[in-house]
Amino acid sequence: MNWKKTFVALPLSAALVIPTASPAFADDHGNHTNMDKVTVSTPAADLRATLDQYLSEHAYLAVVTMQKGVQGAEDFEEAAGALEANTQDLTGAIASVYGEEAGKQFNDMWSEHIGYFVDYVKATAEDNEEGRQEALNNLDNYRADFSQFLETATDERLEASALAEGLQMHVNQLIGAFDNYEEGNFDEAYEKLRMSIDHMYGVGKGLSTAITNQFPDKFENTSPATPAADLRADLNHLLSEHAALAVLAMQKGGDGAEDFEEAAGALNNNTEDLTAAIASVYGEEAGEQFNEMWSEHIGFFVDYVQASVNEDDQAKEQALTALDGYRKDFSEFLDTATEGGLEAENTAEGLQMHVNQLTGAFDNYIEGDFDMAYEEVRKAYAHMYGVGEGLSGAIVNQNPEMFASDMPTEMPKTGMGGMSEEGGLNAWMIAFASMAAALAAVVVGVRRKNNQA
């Protein structure tokens, strides 16, 4: 296997600084300068979403690539190619702010640290403890150099010493996820994977805050750390992680991998996080109803995987039919809950894109078209940022007084750690409270309709 292959970047249709949202879920970008209107979509919030997307996707793809590498999996090169494409997108985002020269410096350093993770995987596969330690030493030197790079680029708005501490967390999480996977501690491996994804949202908030403070005119004097922007980030986090973990669990199921149950467990934990947010407002019964609807659609994807493994075309079609019914019901659910803020017809279209992307990623993976499989993986991940923007926009438009402050919720620590603050998620829970009666009504209505069918 060529561990130092020159990767070919996958195409990405989204813009580098302003992410492309799904038309079915996109919020109105119309008037960023009108601060009288509370909105989740400002130049600063868009920058934060872009950085959140690429940084969290980096963590996810790095863990997947490291797993594939130690397995000697036949799709390792394509997984690594997706990771390299992510690097190019991050480079473009940095260059769009700091210029091409800084972009090149970033690319060189960022690519270098990925190479050290590859070295660690290779040394582990060869049972070379000296090589593993050398890779860790190189990562230690990298975090010191990269921290200084960011401190200089942001005119010391981010402090190198604190940055180095945050970068050590990143290294520990990825290495921990890999070591536990290689040792067969799959529960711990997937817990570390989720921690590594979560951590990057703190990085995105910290870096976007520094950049927009440094170049206020470029971002129309908007802040990436308002309650509305926090809400958007929280939804982006949970929804994109759902897509990422769903793809991974489907791959594991198709392969009959020994860690399938734990991969599926991580996906279930993501579902529980979504459910907890609902239950904290509506109570346990409403939480159970939400959990049932959300888990149901995951189950249909599992049915699709099982049917594919069994080469049962009829069962595959039944799973797709069930997903079609789900998207219609769930679209009605969101339409009613947001009082028309998300129209059922448009939402159903967006949900169909989600279905197509996940099944497309899986079908291409099973068929051995790995380039296309990972292109669909990245599309599925990016798509959820449009969903998060649209859903958060509908909630904020419905409850503007809950998100009226344009002041930062809390300036992130310069170490850019994980999202320990709960302001955005709590605001989401409060906003949802005003929709409890409507939500309960639509859940009951959908259930009755299904029972009568």
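1. **What "buried" means here.** A residue counts as buried when its relative accessible area is under 20%, as exposed when that area is over 50%, and as partly exposed in between. Take Arg143 as a test case. Its relative accessibility is 17%, so Arg143 counts as buried. Keep these cut-offs in mind for the points below. Note too that this is a predicted model.

2. **Overall build.** The chain has 14 helices and zero strands. The chain has 453 residues, and 57% of them count as buried.

3. Side chains of opposite charge can pair when their charged atoms come close. Arg143 has such a partner. Asp140 forms a salt bridge with Arg143, and their closest N and O atoms are 2.8 Å apart. Both residues lie in helix H4. They sit three residues apart, about one turn of the helix. Is Asp140 buried or partly exposed? Asp140 has a relative accessible area of 35%, so it is partly exposed. Arg143, at 17%, counts as buried.

4. **A bridge between two helices.** Lys205 and Asp230 meet through their side chains in a salt bridge, at 3.3 Å from N to O. This pair links distant parts of the chain. Lys205 is in helix H6 and Asp230 is in helix H7, 25 residues apart. Lys205 counts as buried because its relative accessibility is 1%. Asp230 is buried as well, with a relative accessible area of 2%. Which residues are linked with this pair in a network of salt bridges? The network is made up of Arg48, Asp52, Lys205 and Asp230.

5. **One more buried bridge, and the total.** Asp75 and Lys68 also meet in a salt bridge, 3.1 Å from N to O. Asp75 counts as buried at 2% relative accessibility. Lys68 counts as buried at 5%. How many salt bridges are there by this rule? The count comes to 19.

6. A pair of aromatic rings is described by the distance of the centres and the angle of the planes. A search of the whole structure finds 15 aromatic pairs. One of them joins Tyr142 and Phe146, with 5.3 Å centre to centre and 20° between the planes. Planes under 30 degrees apart count as stacked, and this pair is stacked. Why are Tyr142 and Phe146 separated by about one helical turn? They are four residues apart in helix H4 (residues 129-153). Tyr142 is buried, with a relative accessible area of 4%. Phe146 is buried too, with 3%.

7. **The next ring along.** Phe146 also pairs with Phe149. Their ring centres are 5.8 Å apart and their planes are at 20°, so this pair is stacked. Phe146 and Phe149 both lie in helix H4, three residues apart, about one turn of the helix. Phe149 is buried, with a relative accessible area of 14%. Ring pairs go on to link Phe106, Trp110, Tyr142, Phe146 and Phe149 into a cluster.

8. **Two loop residues to check.** Look at Asn221 first. Its phi is near 55°, a positive value in a residue other than glycine. Asn221 lies in the loop between helix H6 (186-214) and helix H7 (227-255). Is Asn221 buried or exposed? At 57% relative accessibility, Asn221 counts as exposed. Now turn to Glu339. Glu339 has a positive phi of about 55°, although it is not a glycine. Glu339 is found in the loop between H10 and helix H11 (344-366). Its relative accessibility is 60%, so Glu339 counts as exposed.

9. Which residues form a negative surface patch? They are Glu311, Asp312, Asp313 and Glu317. Glu317 has its place in helix H10 (residues 313-337). Glu317 counts as partly exposed because its relative accessibility is 48%.

Key: Residues numbered from 1 in each chain as written. Predicted model: local features only at pLDDT ≥ 70, side-chain atom pairs only at ≥ 80, totals over all residues. Heavy atoms only, no water. Patch = residues over 30% accessible without salt bridge, like charges linked within 9 Å, V, L, I, M, F, W, Y side chains within 5 Å. Areas by Shrake-Rupley, 256 points an atom, 1.4 Å probe, with all protein chains shown as cover. Salt bridge = Lys/Arg side-chain N within 4 Å of Asp/Glu carboxyl O. Lys, Arg positive; Asp, Glu negative; His and termini not counted. Charge placed at Lys NZ, Arg CZ, Asp CG, Glu CD. Buried < 20%, exposed > 50% of the residue type's maximum accessible area, 1.4 Å probe, protein only. Phe/Tyr/Trp six-rings, centres within 6.5 Å; stacked < 30°, edge-to-face > 60°.
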